[in-house]
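Please keep the sequence and the structure in view while reading.

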Amino acid sequence: MSAQAGYIWAGYTFQNVPWQPRISYRYAGFSGDNPNTSTYERFDSLRGGGLGDWLQGINLAKVYPNGNLLSHRLEFQVNPTSTLQFSLDYFYLFADQLNNLGGRPVLSSLESRDIGQEVMLTTRWSVSQNLFLLGIASIAFPGSAIQRAVTEETSPWLTFQISLFLGF
């Protein structure tokens, strides 16, 4: 087995501007298996967590986790106060290889490298020292790889999530 994964992330924060806007770009790659070699090259993570770091969108990651995946991410973030943050993310996901053995069974052989696109709005609010609120709204547009793999029409997928964390 010989798999690779990683990302490069660059951005800029406008510190002397109200709300300190930040824009960043990330390119991530998780190798896929080339069936023409004897080595298994597909990267399969033990866990795909980390909303801001490793997760490639909240919707698409549920059906196409980090393996045989390349992605672009553009993020815009503002901080209206020291305890409130909003971020808007755009993801474009595509497969490294058409061979996707090791992924979801229905997607084990892809007819297209286009996995999909996703737009996600995230709110992080430190209500108090012991109370934190996380809100997420996301819409994903399945790409032709997913659309061709399923027999039913694939309309956009929506996720709305509110989490309240209480510390003692």
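A residue is called buried when its relative accessible area is under 20%, exposed when that value is over 50%, and partly exposed in between, with a 1.4 Å probe and only protein chains considered. The model is a predicted one, in which local features need pLDDT of at least 70 and side-chain atom pairs count only at pLDDT 80 or more, while totals for chains, interfaces and linings use all residues. Residues are numbered from 1 along each chain as its sequence is written, and side-chain values use heavy atoms, with hydrogens and water left out.

The protein contains two helices and seven strands, where helices (H or I, at least four residues) and strands (E, at least two) are DSSP runs numbered from the N terminus. Read from the N terminus, the order of these elements is β-β-α-β-β-β-β-α-β. Along the principal axes, the C-alpha atoms occupy a box of roughly 55 × 35 × 35 Å. Of the 168 residues, 36% are buried. A contact requires heavy atoms within 4.5 Å; among contacts between residues at least 6 apart in sequence, 60% join residues at least 24 apart.

Two non-glycine residues illustrate the backbone in the loops. Asn 68 has a positive phi near 50° and is placed in the loop between helix H1 (60-63) and strand E3 (69-81). With a relative accessible area of 0%, Asn 68 is buried. Gln 20 likewise has a positive phi, of about 45°, and belongs to the loop between strand E1 (5-13) and strand E2 (22-30). Gln 20 counts as partly exposed because its relative accessibility is 34%.

Rolling a probe the size of a water molecule over the atoms shows where empty space is left. On a 1 Å grid over the protein atoms alone, a cavity is a set of points where a 1.4 Å probe fits but cannot get out, and its lining residues have an atom within 4 Å of a point. Grid points are joined across faces, edges and corners, and a volume is the space filled by probe spheres set on the points. A search of the whole structure finds one cavity of 30 Å³ or more, and the largest cavity holds about 30 Å³ of space. Its lining consists of Arg 42, Val 63, Tyr 64, Pro 65, Gly 67, Asn 100, Gly 103 and Arg 104.

How values were computed: 1 Å grid on protein atoms, 1.4 Å probe; cavity = no way out; pocket = protein on both sides within 12 Å on 5 of 7 lines; lining within 4 Å.
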